[in-house]
Amino acid sequence: MSGSGGSAVLLGGWAAVATGIFGGCCTNVLALEQLVREVPRSGNLITFAQFAFITLAGLPGHVYMPAGARVPRLRARRVPVRSWAVMVALYFCVSVANNLALGYQISIPLHIVFRSSGLIASMACGLAVGKRYPVAQVAAVAMVSAGVVVATLASVGGGTAAAGGAWAGGSAVGVALLSLGVVLAALLGLYQEHTYRRYGKHWREGLFYNHALALPMFAVFWPDICAQARALSQSAPAPAWLGAVPSLWVALALNVVSQLACASGVHRMTSMSSSLTLNVVLNVRKLVSLVISVVLFRNPVTPAMVFGCALVFLGSFVYARTPRHPPPADAAKKES
């Protein structure tokens with residue numbers, strides 16, 4: 001392949017990543033906010049619909065019909081099922097925890113900011129397995145931590161007795177679920193790095209199996225999923241040009257389609273860059289989603305919330321600009 005042809009392929013790959021992450025993920029957040037505003041505890045239905053749709057979309061590339069056979073078979077895998085199973089369990093728990101949190105008085109802006117604190121959990125998990133980090137990275141993560149605390153208190157504290165009651169009864173559960181999701185996502189990132197380093201970065205295979213193998217896990221939520229589906233069916237009708245369809249089913253369809261684009265972009269970027277670059281790009285995407293959410297849905301944003309958000313994203317930027325590992329002792333001596 002010529003240099004110009006290789007450059008075109010590379011640019012096309014990054015264009016697909018940018019479209020998936022910024023177009024797909026931002027659209028997904030808007031549809032999600034519409035759904036949880038009308039049916040706050042619809043997280044299980046949303047998660048199940050996303051997993052089912054992505055699985056169906058990936059079937060043609062991972063299933064084939066052998067000559068003379070009556071039952072289709074799965075194509076040969078590059079990564080063993082046992083490795084995908086661990087990843088699937090973590091990914092499923094992360095998705096369920098994040099979507100369930102929205103049913104406990106957690107606003108979309110807070111949801112976005114809190115999930116941006118993944119750097120904190122990633123560093124904690126890295127320290128637990130013996131990794132070392134430069135002082136600048138530790139300071140950046142401390143900045144992110146402070147920003148999350150400020151934004152959280154600004155969003156759910158309120159400073160009033162009523163808000164305190166809401167915090168005790170609902171928001172505390174939501175924050176606990178978000179915290180669980182952040183920690184599990186950090187563990188997932190470490191395990192994903194290990195798996196890709198050992199078997200190669202097969203992002204399409206990961207996208208399919210991470211969703212397909214998780215579908216049986218939704219059996220425990222099935223009664224809740226059916227109840228949430230009935231609630232969506234009772235929503236106001238969509239515009240006439242969309243037919244006689246409840247508007248929230250249209251929002252759910254938009255959510256699952258955009259989730260496929262979003263997940264594809266994230267998985268593809270995982271195979272093209274370091275996890276650090278991915279983390280920073282996702283934080284920038286979350287900032288864009290936050291601005292769109294505030295503008296379109298007029299979410300209340302206090303000065304303390306703005307300050308907390310600024311700390312989160314500034315800390316992420318400092319983290320990205322710092323070398324991942326401290327310079328070797330010999331190099332430091334030579335420089336001095």
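A: Arg37 and Glu33 share helix H1, where they sit four residues apart, about one turn of the helix. Helices (DSSP runs of H or I, at least four residues) and strands (E, at least two) are numbered from the N terminus. An α-helix has 3.6 residues a turn, so residues three or four places apart point the same way. The model is predicted: local features need pLDDT of at least 70 and side-chain atom pairs pLDDT 80 or more, while totals for chains, interfaces and linings use all residues. Residues are numbered from 1 along each chain as its sequence is written, and side-chain values use heavy atoms, with hydrogens and water left out.

What joins the side chains of Arg37 and Glu33? They meet in a salt bridge, 3.4 Å from N to O. The term means a side-chain nitrogen of Lys or Arg within 4 Å of a carboxyl oxygen of Asp or Glu. Side chains of opposite charge can pair when their charged atoms come close. The structure holds one salt bridge.

The two partners differ in cover. Glu33 has a relative accessible area of 2%, so Glu33 is buried. Arg37 has 45%, so Arg37 is partly exposed. The cut-offs are under 20% for buried, over 50% for exposed, and partly exposed in between (1.4 Å probe, protein chains only).

A disulfide joins Cys25 to Cys262, with the sulfurs 1.9 Å apart. A disulfide is a pair of cysteine sulfur atoms within 2.5 Å, and by this rule the count comes to one. The link spans distant parts of the chain. The torsion about their S-S bond is about 85°, so the disulfide is right-handed. Both Cys25 and Cys262 are buried.

What of Cys26? Cys26 is in no disulfide. The nearest cysteine sulfur belongs to Cys25, 6.9 Å away. Cys26 has a relative accessible area of 7%, so Cys26 counts as buried too.

Now for the core. The largest nonpolar core has 62 residues. A nonpolar core is a set of buried Ala, Val, Leu, Ile, Met, Phe, Trp, Tyr and Cys residues joined through side-chain atoms within 4.5 Å. In soluble globular proteins, nonpolar side chains tend to be buried together. Six members touch the most other members: Leu35, Ile108, Val113, Leu232, Leu252 and Tyr319. Helix H3 (residues 81-101) gives the largest share, nine residues.

Take Val113 from that list. Leave aside its neighbours within four places in sequence. Val113 is then in contact (heavy atoms within 4.5 Å) with Val148, Ala151, Leu290, Met305, Cys309 and Val312. A second, separate core has six residues, including Val266, Met269, Leu278 and Leu282.

Ser95 has a relative accessible area of 13%, so Ser95 is buried. Beyond its neighbours within four places in sequence, Ser95 is in contact with Thr47 and Phe51.

How is helix H8 placed? Nine of the 10 residues of H8 (residues 203-212) are buried, so H8 is largely enclosed by the rest of the structure. Among the buried ones are Trp203, Glu205, Phe208 and His211.

Next, the surface. Leu287, Val291, Val295 and Leu296 make a nonpolar surface patch of about 370 Å². Patch residues have over 30% relative accessible area and no salt bridge; like charges are joined within 9 Å, and nonpolar side chains (Val, Leu, Ile, Met, Phe, Trp, Tyr) within 5 Å. Val291 lies in helix H11 (residues 275-297). Val291 has a relative accessible area of 47%, so Val291 is partly exposed.

Finally, the whole chain. There are 13 helices and two strands. Arg73 is found in one of the strands, E2 (residues 73-74). Of the 336 residues, 43% count as buried. The accessible surface (Shrake-Rupley method, 1.4 Å probe; for residues, only the protein chains shown count as cover) comes to about 16700 Å², and 68% of it belongs to carbon and sulfur atoms. Among contacts between residues at least 6 apart in sequence, 81% join residues at least 24 apart.
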